[in-house]
Amino acid sequence: MTITYDDKTPRQFMIASIIWGLVGMLVGVIAALQLSDWRMNGAFLEAITFGAFNADGVSWLTFGRLRPLHTNAVIFAFVGNMAFSGIYYSTQRLCKCRTASDKLSQIHFWGWQAIILGAAITLPLGLTQSKEYAELIWPLDIAVALIWVVFAINFFWTLAKRNEPSLYVALWFYIATIITVAMLYIVNNLQIPTSLTHSYPIFGGLQDALVQWWYGHNAVAFFLTTPILGIMYYFLPKAANRPVYSYRLSIIHFWALVFIYIWAGPHHLLNTALPRWLQTLGMLFSLMLWAPSWGGMLNGLLTLRGGWAKLRTDPVIKFFAAGVTFYGMATFEGPLLSIRAVNELSHYTDWGIGHVHSGALGWNGLMAAGMFYWLAPRMWKTELWSKSLANLHFWIALVGILLYVAAMWTAGITQGLMLGQLNEQGTGLKYEFVDTLLAIRWPYYFRSFGGTLYLIGFALCAFNIWKTAKSGSPVNGTAEVTPLEREKKDFLGLKAIFVHKSVQHIFCVILFTILWIFAPRGGDYAALALVIVFAVLAYRAFRKDVKSWADFHDSLLENYIPLTVLAFIAVAIGGAVQIIPTLMVDRAKNIEGRLQEAYTPLELAGRDIYVAEGCYNCHSQMIRTLVPDVMRYGRSGHDDDYSHLGESIYDFPFQWGSKRTGPDLAREGGPLVDKENPHLRTGKRDNLWHFNHFLDPRQTSPGSNMPPYPWFFENKTDFKSLPKRIAVQQTLGVPYPAMTRDEIEQSAREQAMAIADTLKESAYLPDQPDLSGDELRNYLAERQIIAVIAYMQKLGAYTEQELDKNKPDTFDPDQQRQFRKEAKEDETAQR
């Protein structure tokens, strides 16, 4: 029979991807310029409106607000729409049937664009969760989940209707993408709303950090990598007119990648308060990723064997070859950065920024352009309008991304080395933090220039696709297919997959490996022995009956439900092993040593303002277990003043950060100034310093690239929302005493008045020059600046919990070492 494919949907997604790609990259260039020169926080708006807007007063154009917009636009709008376009186009051809439901396809398309538009509105307004790549507010999170379910139903329904018995490798990666992204997004976005636009995550502190980077790392893996690998396995052979180099290698690539990738998230938290075993686990699995990742890269590049002559003339092959090469470079650099010694230098610097952009722009961006140039002539039944323009796009984009990455490598390594360098006497640090910002200003300009080149190249792509579309007319592809009989597909039950020897052997190896990780001393050796035994048995069983194992895998490919179930189990194991133990450990009753003090109502209000402004994009709140970190950010006279596990236990969400454009703030606060007045604290700096810093950062820190925040001095603190927020915090386990709504508001206002009272004689507001004394105090007490100062002065406040030496297993790693040291000293003394 003749079938007509639905090419309207992939055509719509492709157009949307191009439009949102331009938006996301433009915002990225603006954000890069803001880091190069603080005056770009709104200055471009002043320029295009001829001064009608005051750059200092545009809150929704600061770096902290725009950076999440940039990342979400590039990830979910640009790459997301591109992936959906490729998936809808290729799935129909691989299944030899039309998409199951045109209506669901249109709901998916328009629903996804509505979500992106919602993000484009809410993020600049400061409505955010402050979790990287998961900043959207809870109503949008629910919309994402619902639209993803629509996509999943349509995709699996199409698999059920297919007229091709075996599932091609691209479909395996699409399956892994759909089930894993759903799992990651739902778990990471579990939250309790306090209003229509605000919520707190159910995880806090260490738990939230681990869950966030389990999601954050694997969002890169299963939203930016696996769907694009599926697209590579379909479109690259099509463009080269060559078969995939190795089908066997694609099997190894798929199963190894989906199982190993999910374990690697903790490498984003090396040298932090994360338990040492989790750090080691993340590092080891990250190193193991080298093998499957490079296997996939080589499989892609070697598919071009015999077709390299096309590289000189065909822009599609150029983009695909360069994109796959960048995939190899990024997946080499990622495991390299996960090595603890390398991570000491790279983490919190621009090296990581260069790494993610080599993946997002080099791998995703170039693959997207190649796919667009291949699809457009087929979508509109015409020739590509200009191959010369496509070739120009390639070279401009390549130069742009290389400049960008090289600049970030230079900036990251330079800053990392400067931050750790001691003075000539070896007694202190040689450079102030702001000195490192001045040293890397030129690499920042080169980064902006490289990003601008990449944006210009993509604009050429958009123009070329537009002209191509105008020269033709939209068409839907057709194909002659033979309907597939029902008994020739999806005949394998779930029971059959679990009784096969291959699955049983592999599960035994995984089970005893997990026991080896968690078993107490003595039992771990027994578990390791069993791992070796079952690994040997599995190998012998495979060598004895290779055909049975191969036939089993082939039968999996003819049964999409068992394949989906096994893929889900493969990705779920890693998350469960990492997250479940921390749910038991990261509780106040189990914390020994430092335990965070809960925020007062006003401090909580200040924290929520800090989160809304996106301050976590530039400031960390995690002093790593490294000497330079402790010397720079710890309190004077405390050699072990790194951040401990219990110090962020009441942080919903956590604020450990991933990049330091400004100094760490984990010890910014301090103890009570006056025991009689519990509202006043002074940390490293007094209230007036913070007041002036937010008014004009260069007044207190010459050379800073932080923008001013004048709206803090104009906008009022939302005292009325605090009772609901306190109630949710209590539900999450924060030990607030029982308070009425009036008591909560009164507490916040009293503390605000006490802080404002310390400023009434010395603070000066340029916009309110006549205010002074009590009038100034009363004015400030209502403003957001006082709440933010209260939060700043609370950072790093904790109480010391006594160590119960009868429970050494509950200690964090450093406490365990101290316990063993003291025990050994006691034993020596007794002898």
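The model I am reading is a predicted one, and my entries keep to what I could look up in it.

**Entry 1: Thr600**

With that cut-off in hand I looked up Thr600, and I found that it touches Tyr736, Gln751 and Lys794 once residues up to four places away in sequence are not counted. I placed Thr600 in the loop between strand E5 (593-596) and helix H23 (601-612).

**Entry 2: the chain as a whole**

I then stepped back to the protein chain, in which I find 31 helices and 8 strands. Its radius of gyration is 28 Å, close to the 28 Å that the globule rule gives for 831 residues, so I record the chain as being as compact as a globular protein of that length. Along the principal axes, the C-alpha atoms fill a box of roughly 85 × 80 × 55 Å. Of the 831 residues, 59% are buried. I also looked at contacts between residues at least 6 apart in sequence, and 82% of these join residues at least 24 apart.

The domain assignment that I consulted gives domain 1 (2-473), domain 2 (496-558) and domain 3 (594-800). For domain 2 and domain 3, I noted that the C-alpha centres lie 52 Å apart.

Phe156 has its place in helix H5 (residues 138-160), and with a relative accessible area of 17% I count it as buried, the limit being under 20%. Leaving aside neighbours within four places in sequence, I found Phe156 in contact with Ile175, Ile178, Ile179, Tyr560 and Thr564. Of these I followed up Tyr560, which is 404 residues from Phe156 in sequence and 8.2 Å from it in space, C-alpha to C-alpha.

I went on to helix H6 (residues 169-188), whose 20 residues should span 28 Å at 1.5 Å a residue, and I read 29 Å between its end C-alpha atoms, which agrees. Because 17 of the 20 residues of H6 are buried, I describe this helix as largely enclosed by the rest of the structure.

Ser246 caps the N-terminal end of H9, with a side-chain oxygen lying 2.9 Å from the backbone nitrogen of Leu249. The buried residues that I listed in H9 are Ser250, His253, Phe254, Leu257, Val258 and Ile260.

For helix H11 (residues 290-302), the 13 residues should span 18 Å, and I find the end C-alpha atoms 18 Å apart, which agrees. I noted Pro292, Ser293, Gly295, Gly296, Met297, Asn299, Gly300 and Leu301 as the buried residues of H11. What do these buried residues pack against? I found helix H8 (226-240), helix H9 (247-260), helix H10 (276-288) and helix H12 (315-337).

**Entry 3: Ser502**

Ser502 lies in helix H19 (residues 501-518), and I recorded it as buried, with a relative accessible area of 6%. Its side chain is joined to that of His500 by a polar contact of 2.8 Å. Apart from neighbours within four places in sequence, Ser502 is in contact with Trp549 and Phe552.

**Entry 4: cysteines**

How many disulfides does the model hold, if the two sulfur atoms must lie within 2.5 Å? My count came to 0 disulfides. Cys95 is in none, and the nearest cysteine sulfur, that of Cys97, is 5.1 Å away. I noted Cys95 as buried, its relative accessible area being 0%. The sulfur of Cys615 is 8.0 Å from the closest cysteine sulfur, in Cys618, which I record as too far for a bond. Cys615 also counts as buried, at 12% relative accessibility.

Methods. Residues numbered from 1 in each chain as written. Predicted model: local features only at pLDDT ≥ 70, side-chain atom pairs only at ≥ 80, totals over all residues. Heavy atoms only, no water. Helix = DSSP H or I, 4+ residues; strand = E, 2+ residues; numbered from the N terminus. Expected span 1.5 Å × (residues − 1). Buried < 20%, exposed > 50% of the residue type's maximum accessible area, 1.4 Å probe, protein only. Contact = heavy atoms within 4.5 Å. Polar contact = N/O pair within 3.5 Å; in protein donor to acceptor, adjacent residues only side chain to side chain. Disulfide = S-S within 2.5 Å. Domains from an automatic or database assignment. Rg over C-alpha atoms; globule rule 2.2 N^0.38 Å.
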